[in-house]
Each structure stands twice: as C-alpha cells, then as structure tokens.
Amino acid sequence: MPEVFMPKMGDAMEEGTLLKWLVSEGDDVSEGDPIAEIETDKASMEIEAEDSGTLAQIIASEGDDIPVGGAIAFIQGEGEEVPERDSGGGEEAEAEEGGEDEGQAQAQTATETEAGGAEEEDEQQPSDGRANGRFRASPIVKRLAAENELDLSKVEGSGPRGRIVERDVRAAMERGGAQADGQADGQTGGGAEAAEEPQEAPQVGLQPARLPEPVEGPDTELVEPTRMQRVIGERMTEAKQHIPHFYATVEVRMDAAMALRKQLNEQLEAEDLKLSVNDFVMKACAVALRSYPNLNAIQTTQGFELHEKVDMAMAVALDAGLITPVIRDITSKGLATISRESKDLAVRARDGKLQPDEYQGGTITVSNMGMFGIESFTAIVNPPQAAIIAVSSIQKRPAYDKNDEVVPASMMKLTLSADHRIANGRDGALYMAEVRRVLENPVLLMV
Amino acid sequence: MPAENDNGENGGVETREEGAVATGTDRLVDLYREMVTVRRFEEACQRAFRQGKIGGYLHVYIGQEAVAVGFLDAFKEGDRVITAYRDHPHALLLGSDPKNVMAELFGRGSGIVKGKGGSMHLFDVERGLMGGYGIVGGHIPIGVGIAYALKYHDTDNITQLYLGDGAMSQGAFHEAANLAGLWGKDGLCPCLFIIENNQYGMGTSVERTTAMTDLAAKFDSYGIEHEKVDGMDIEAVLEAAERLTEQVRETGKPYAVEALTYRTAPHGAADFFEKYRDKEEIEEWRKRDPVGILEQKLLESEAADEEKLEEIKNEAKEQIDEAVKFADESDQPPIEELYTDVYSGADEYMGEE
Amino acid sequence: MAETKTYREALREAMVQEMERDENVVLMGEDIGVYGGTHLITDGLIDEWGPKRIMDTPISENGFTGAAVGMAMMGMRPIVEMMTWNFSFLAADQIIQHAAKVRYFSGGQVEVPLVIRGPNGGGVQLSAQHTHSLENFYGHFPGLKVVAPVTPNDVKGMMITAVRDPNPVIFLEAGALYGTKGEVEDGDNAVPFGKARIAREGDDVTLIAYGRQVNLCLRVADTLEEEDGVSAEVIDLRSIRPFDEDAIVESVEKTHRAVAVQEQWRWFGVASEVAAIIQDRAFDSLDAPVERVSGAEVPAPYARNLELAAFPSDEQVANAARRVLYMEEK
C-alpha cells in the first residue's frame, strides 16, 4: 500500500511544508503526475506520484509542516484497503526515534569500552583512598581543606578509588566532623587504619572532657604549637588510642661494653671517631632482632608486614619537637659506620637539614634519654612501627658477682614498648633478654 | 622598509635615469654594469655561504643574469614583480640596496625583511617586489591574483611573474595558468609569465620531468600566447621585454615567454672574476656566459674597452664588498621581533606567549 | 532592532552589507554566481552585483585560493568559498604556507585581508570525504584566525568582523545549521573575535563546545536539569583562534567541573586544548578531571545509524557530565 511521504530534497533538509494539493481525494493518479507542492527553506517544488492508483486519503493539510519521511497521503491500488491511521506523522516519527536509539546504543557501546575499561581498573584497586598515608582528593577539595583547616584523614571519599570529592567535604563540613583541631569524632573512621579492621562502634556514653575557656590573663600565655608539634601530638594521641601497648624492662650490666668501648675508642682516636653508648645499644637491639623478627614489623593497609632489614630510627629532640632520623640496614653496618651516621644525622636533624627519605620509613625506634640522668622511662610506639626501646642512663650501683660478693657495677635500664597485636609479652621479654645478653657479651656485636 | 636603506639613492644598482635619452651603446654599458653587479653579488653570496655566514638554502642566479636584467629594464613604476626563491637579482635590480639584501641573507635586523625571511623571501613592496617564496610553484597563483588586482583597480600596470622549468610540473602552475587564461579572455589579467628555463629542475633535466619539453607550448592549453627567447643574449631579451610588457599592458591579456639559459661557469671554489684566467678560458667564456657575451659585444662595437670593463668590474666589486662588510657588522634582529608581524592590525602581538 | 532569520540569510546579509560598504570586497567560488551557490547562500547576487564582484571559479581550489591571496596582498578583500571545507585540503598549501605566513616572512610588508568560508562539519550523511570539522586543523597555525559561529546572529556579526580584519580568516560555518533560525540584529552587528558566548548559565558543570555540538549541549543541559537536577553552563567557543581562555577558566572556577565536546576526533583536538587550559589555570578549582567527548576514531560512515554513532550523542555528553559529578550514568 504505497504511502506518499515527504521526500528529502536537500542534504540539510529536516522538514518541509505542504503548500498546496494539486489533486483531490478520490482522483486517479498515474506514476509521475505532480500531486502536491512543497516548500523547504531553500526552495519550493512539486512532488510526483511514484505509483499509479487512486489518491485514497490525504493525511497532511495545506500549510502543515511534515518531517522528512512523514506520510502525507495514500495512493490506493486495485483491491487495496486504506489502513486506519490516527496521525500519519506519529509512526514515522517513532520509527525515526527507534533508529536514533539504535544509533545511540551503538554509540554507547563504542564509548563504553573506553569507560568500561577505566571502571574495571577502579574496581581492582582497594577502595580505601588513603593509600600509604596519602589521600586521593580532587584539587578543589585540597583547597577547601587548606582554607577551612580540615583534616582530610577524617573524610570518607566517595569518588573512584576512594577519591575525596567536593560533596564529601561539604557534607563533612556540615556535620562538623572534619576540623583538624577538633576532638575525636567517633562517627567518621579516622586514622590510617587497616582496610580489614572493622568499623569501630561509636563510643556510646563517652563524652570528651569539657575544656574551659582560656583565662588570657597577664600571667598566662596561649601556646601556639608548631606544625611539627601538632603532627607529633596527633601521632602520639593516635598511637596511645589505637595501639595496645605492653612493656618489658631489663637492667643491663654495661661494664664489659664500656670496657670494649674504651678500647675501641683508643684505636679510633686517630680517625677522629668516638663511639657512644647509644651506638652499642642500637647495634645490640638490631642484632637481637634476628631471633625475634616480630618486633621489626610495619603495620600496612593489609596487615602487619615483617621486614628482614632493620632500618633503625633514633629519636632526636629538637626545640620544635622531635624527629627520628633513620639508619638504614643497621645490621650490616659496623659500630664505626653507625657512629658516624648517627652523629651526622643528629647534627643535621638539629639544623633542620634532613631530607624526607632520611627521617621516614624506619622499622623500629630507639629512644635514648640517658644523657638526662633518667633512671627508666617508657616510650610510645611510633606508628606504623611495632616497637620502641627506651634507653635510660648508666648508674653505678652495687651488684653481686658470681661469688656473691658485692662489687660496683654500671647498670643501665632498657624498656621495650611493643604492640600486642603483633608480639605478645613472651616475645617482648625474650627479645629484651637477648638484647641484654648481647650487651653483656659485647663480642656478639661483631657477628 | 629596512631601517638602513636610503631608497637606493647611493646604494642601489645604478640604472638609467627615467626619461633620459640613452644611445644604444650607453644603455648596453649600463646593463653591463647591472649584470656585473648582480654576478658579483651572487658570487659573494656563494663565498659567504661556504664560510657559514649564510644559513639555510642559497639559490644563485649565475648564468641567468640577462633574463632578469633585460626584463626588469622594462619595468615601469607601479608594476609588480613576483618570483620564487632565486630572487636576489630581482631585489637588486628593482633598487634595493645591496647592503640590506646581503644583511637579509646574513640574518641581520637591517635585512630588507628584518632578518625574518632570509634568501628565499626577499620583499621590497614599495619598489614592486612582492616576494620571494619557498614552495615551488606556490607563488604562481598569487602572481596571477596580483595581476588581476592591478586590473580590478583600473591601473595600467602589469605583473612580471618569474618561474622556473621545475615549477611547471606543479598543479599550482596549471591551475593558475588556467585562471590567467580565463580572466585574460576579458582582459583582466595583465600577467607576463617569464620562464627561466635553465633546463634543469634542481638535479633533474627537463626531459626527465615531462614528455612535452616545449615549455612555452604548454600555455596553449590555457589559451595563453607564448614565444621563446635566447636568455643568454641581453639584446634579444631587451627586445622581447619591451614588446611583450607593452602588449600585456595594453591588452590585459597574459603572455608567456620562455627564456632559454644554461649553466655556464663551472662550480669552482673560486669566482670567475677573482681568479686569473688564461686567454683561452676567457675566450670560451665570452662565447657562452651572458656577461661574457655582452663583454664581447661591447668590445666589438667599441662601446667600451678592456679598461672600462675592468673599471666597471672593480666598482661593482667595491660596492658588493661594502655590502658584505655592512652585513658582517650588522646585528641580528632584536628578540622582540620574534613575535611581530604574525598578524596585522591591533592583534600584531597575538603570537606572544 | 532584530528579526528572525535563518543562518543562511544572516550570512548572506553580512556579505552583502560589506560589499555595499567596500568595493574591494568580492566573492569567489565554485558555482556561486550563475548557479546561485550549492547552498543557495549567494543565490541571485550575481544579477545584482555582476561578475566583477561575484566571481565563478573553475574547480581549482589551490589556484583560486592562491590568486585570492595575491589579490588580498594588493588591497582587495576577497571572500573565497570552499564549497565544503573538506575541499580545502587541496588549497592547504596556499592557506597554510602562504596566507598564514607571508606577512611574517615579508617582515610585515604585506598583509592578507582574506576570508575563506564554507560549510564545515558533518551530520548529513555525506560520508567520509565530505565530513570533517577543521577547527583544530586550522586553529593550529599562527597567522590564521579561525572562527566557528553557531547562531544566525553570530554568523552575521562574525562575517562582518572577518571581512574587516586585515588578516586571513578561516570562517567555518556549521553546514548542518544553515536552516536554523534565530534573532539577528539589523545593520552593523559586528561580533568581535576572541570572545566565547555563554549560551546558557549554570552552576554545577560547564559544557564547552563549538559548531553544532553547542546545540547538542543545550539539549543535554535541559535533560540534566529535568532528570538529574543539575544546572549546567554551556559555553559556545565560537572563536577558535584567538581563543577565549578566560571564559572557560571563569566558568570552571564557578562550577568546578567541565566536559569538552567536539565532533572531530579526540587526538590533538580542540577539546584537548580546553582540558589543558583548565588544568593549567583552574587546577585548584577542579573536582574531577576534564572529560572530553569526541567523534569515534573512524572516517565518517554513510549509513544514518553509523553516522549518528560516529559523532557525540546527547546520551554520551549527559553521561560525561554525570561522571564528573560523580553521579550514576544512565
């Protein structure tokens, strides 16, 4: 049943106007007869019948705008019926749309392969945006954080691979939980937690102590912590809150070590080198780790990772706070090398001239307060490490020799603080006993 | 316009004063001077190129002097000249100061296009030289358009459009010639095509580039009349130049003239003028080289003697030596010139980062 | 005063006005005179102006474009038609090596006040050799100016500016939009180059496009508003060289997110330049990387559905916007 439809008369033509019918309903038409005049935006022209028959039904009226391909009339052949139609243009338009959808579906597939690829990548990555202590955040987020003093470690990222995006920050700001100097907020999971750690239950009933307003009198001074102090404070708070510390103390008889030290220093004077007690202690702690590797571990996003190599951090006090330069692979180094390095690092630490790779990434820390005359103290584990050894001063005290006679002895206390999640009390105790054994038989420092 | 140029008053290649009545011989002596100056200039360029003072490409006109000298002798004020990259003589003969032309080749700020074009892009629009182009054949449609504009603006001027035999293989040539013939039918294209056929396109002889080696005859396809002229003989060139420029001027129809030349002096390290040559060599040279041929004519017609010839050669040498010295002593362009002339008008500095 | 006109009518009006104003303006092109022009833009003009101002040329793009360069150097102001911009490759040597550069290598002694115009872009099933969008191609070359007007008012105003500009102007008309209508100011409505048009204001995301994709972005902006509650800003670049960096930067500083849309292929396209400018000058305002939606990496096909798939679709652009908003795609 031949339809007569609006032809496409130009490459940009999308619709035409039916100006005038040249035949009437019921007329006989032959193929090639002009039957109507149409107008496009370029010109007007006649259209011809493409079939012979009777012009059975006129669909478009004069003056109508019909899209290209839209039906405007029917030519009925012998014995054919005119089908019922509501609006001639409707179906055609639908057919057009169908075609478009198809095209778009194909376009979809074309780009989906691109987008899909990217998404697959995303899924494989861990969803925690805080990789290695760094945040994934969009630039505007970083700017907002800086401007509003927000702590991004307290903001959950909803973007790909855990990226923190603007709406996350805006939401956090509204909730008020993202302030850098704010108190612990039980709702947002803060800190560099392991991905496997279950969400902590909100601390029901624990209200932070209500702090008074500053007095600001003539004999008071409001302290402005330095950035370093602030960071250290945060780290220490975090460590105290999250690490289940346990402690073990030994008292070491240092006479043999001191004698060896004196002997070595006489030899080394020519090289302008002077070994310190701390050099001996650090080396001993490293040697002892061979038997107790649990204590040389790092907490990662996927759990504790044991390290064979000992990168020993040594605490250096600064006016502005504290820094822990690292002696890499200390087990492979002799006392002289350790001495040289530790002195150099300490000097540069005090001058503020350390490079980041010189104070980052230690696996265990030794903190020596012996020079202050401290008899004993406990240190706070430095996350993400698992242990720290506190070294106190050498005190001369009476002790018993093997004949049960009282003799003067140089005694020094060492206290281990360790993370109970990786090492238990027995590991800690045995380790410290080993450290003592090495220091009391200092020839073991050579192996 | 170049800063140092004093309109060629004291520096340009000397030409006859307009309107002066010149006898045949005077004229030839003047033309001899022009040819020698051009030859001297080109030899100096070769030397400078070997010394590394001229960078990029260098295309010299040695052996073809009679063509440019002859046709440009028929140049009238307001006419236009356009050529490809073998353009030094056209600049000199239209009156650009050799100092500024050499400075351009040396890449100095006092060059006639401020050091921004180099050897292939010599322009002196005030004197009628519309460039200087590096793409073989690329300038030909432009030249046809320039001719059309001359008529569009109702002037009596013509365009002398120089091209080499190699350019006639380029599509641009054929399209342009077709347009010229078409517009010429209505007298709207006063363009004289001057084909400098030295019978080699770079390294390839004409026979190896086309089956139809009669280059002038190719213009038949475009409805453009044509003829050939002996490009080594200045007098033949002069005759053709006067006649054909007038014809094009009057009819507004394009015309093509194929000037046959060939490579003459060998490409030696020394310039022919410099090194002492023996008599036999000189005799040979005076039969085959356009400068030499003219020397022979002048001597035979007693328009000049050996002494006069020598004098002219020395004066030319001095002038060109000065040009080289000037170029040597000029500064490179100021670095700000990097960003100028990218656009015209208010956006001149648009290129600046 | 303004009237509703088609793009085609507005373009013609501009050229006629300039021909009236300056007798150096001539039109050149294939079949623009006696035939009336293949897009009927110049229809009837030869009867009014004669063959001196309306020049029919033989089919030799390189030849007549070069001739137009020569004419322009002599102070005429030719408007050369490329029957479609796809044929301009034949004239590329004259456009790129000559028109763009001769002012520079003549040390400023000549200028080339030339306009080259014609329909650009695809979308009407003209298949591979007749379907290119050349903004990035010509936009690459210093010495040329390149514009791509989208609205009837802009095509008139920018043609006026183009004719008056003493530099060679690559005038890329949106061929698919010749029949579209819009308000066109009467008289001299010169539109300056180097200024983008904010086609729609918004707050949440910026959609940047040129050519007929501007209209696509406007449709997408409506969809995003209705379906996703998103307020999109749409920028019509319209001037490719000189380029309006400030408009883009200001917009992204407001919305923090951008999608650049182009008909042409992704590699080395205008959208890449947009992305580079944004990351250079608005980095700290970005909430997401800049997305580019481009044509498929294929020569343009003929079949209607393939052709639709070869060019950016409403859906693709909408989803790109959703991605930068970290919303679910549809």
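**A first look at the chains**

Modeller: Gladly! Chain A holds nine helices and 20 strands, helices being DSSP runs of H or I with at least four residues and strands runs of E with at least two, numbered from the N terminus. Please keep in mind that this is a predicted model, where local features need pLDDT of at least 70, side-chain atom pairs count only at pLDDT 80 or more, and totals for chains, interfaces and linings use all residues. Residues are numbered from 1 along each chain as its sequence is written, chains are lettered from A and ligands numbered from 1 in the order in which they are written, and side-chain values use heavy atoms, with hydrogens and water left out.

Colleague: What share of chain A counts as buried?

Modeller: Of its 447 residues, 36% do. Buried means under 20% relative accessible area, exposed over 50%, and partly exposed in between, with a 1.4 Å probe and protein chains only. In chain C, which has 12 helices and 14 strands, buried residues make up 66% of 330.

**A histidine in chain C**

Colleague: Why does C:H256 count as buried?

Modeller: Its relative accessibility is 9% and the cut-off is under 20%, so C:H256 counts as buried. C:H256 sits in the loop between α9 (245–255) and β13 (258–265) of chain C.

Colleague: Which residues is C:H256 in contact with, leaving aside neighbours within four places in sequence?

Modeller: From chain A there are A:I140, A:E166 and A:R170, and from chain C there are C:S285, C:L286, C:D287 and C:A288. Contact means heavy atoms within 4.5 Å. The C:H256 side chain also reaches the backbone oxygen of C:E253 at 3.4 Å.

**Two helices**

Colleague: What makes α3(C) and α4(C) roughly parallel?

Modeller: Helix α3 (residues 61–73) and helix α4 (residues 92–99) of chain C pack at about 30°, their axes 8 Å apart. Axes are lines fitted to C-alpha atoms, for helices over the stretch in contact, and angles run from 0 to 180 degrees between N-to-C directions. Angles under 35 degrees count as roughly parallel, over 145 as roughly antiparallel, 65 to 115 as roughly perpendicular and the rest as oblique. The two helices are therefore roughly parallel to each other.

Colleague: Which residues meet there?

Modeller: C:N62, C:T65, C:G66 and C:V69 of α3(C) meet C:Q94, C:I95 and C:A99 of α4(C).

**Between chains B and C**

Colleague: How many residues does each chain bring to the contact of chain B with chain C?

Modeller: Chain B brings 41 residues and chain C brings 46.

Definitions and conventions: A polar contact is a pair of N or O atoms within 3.5 Å; within protein, one must be able to donate a hydrogen and the other to accept it, and residues adjacent in sequence count only if both atoms are side-chain atoms.
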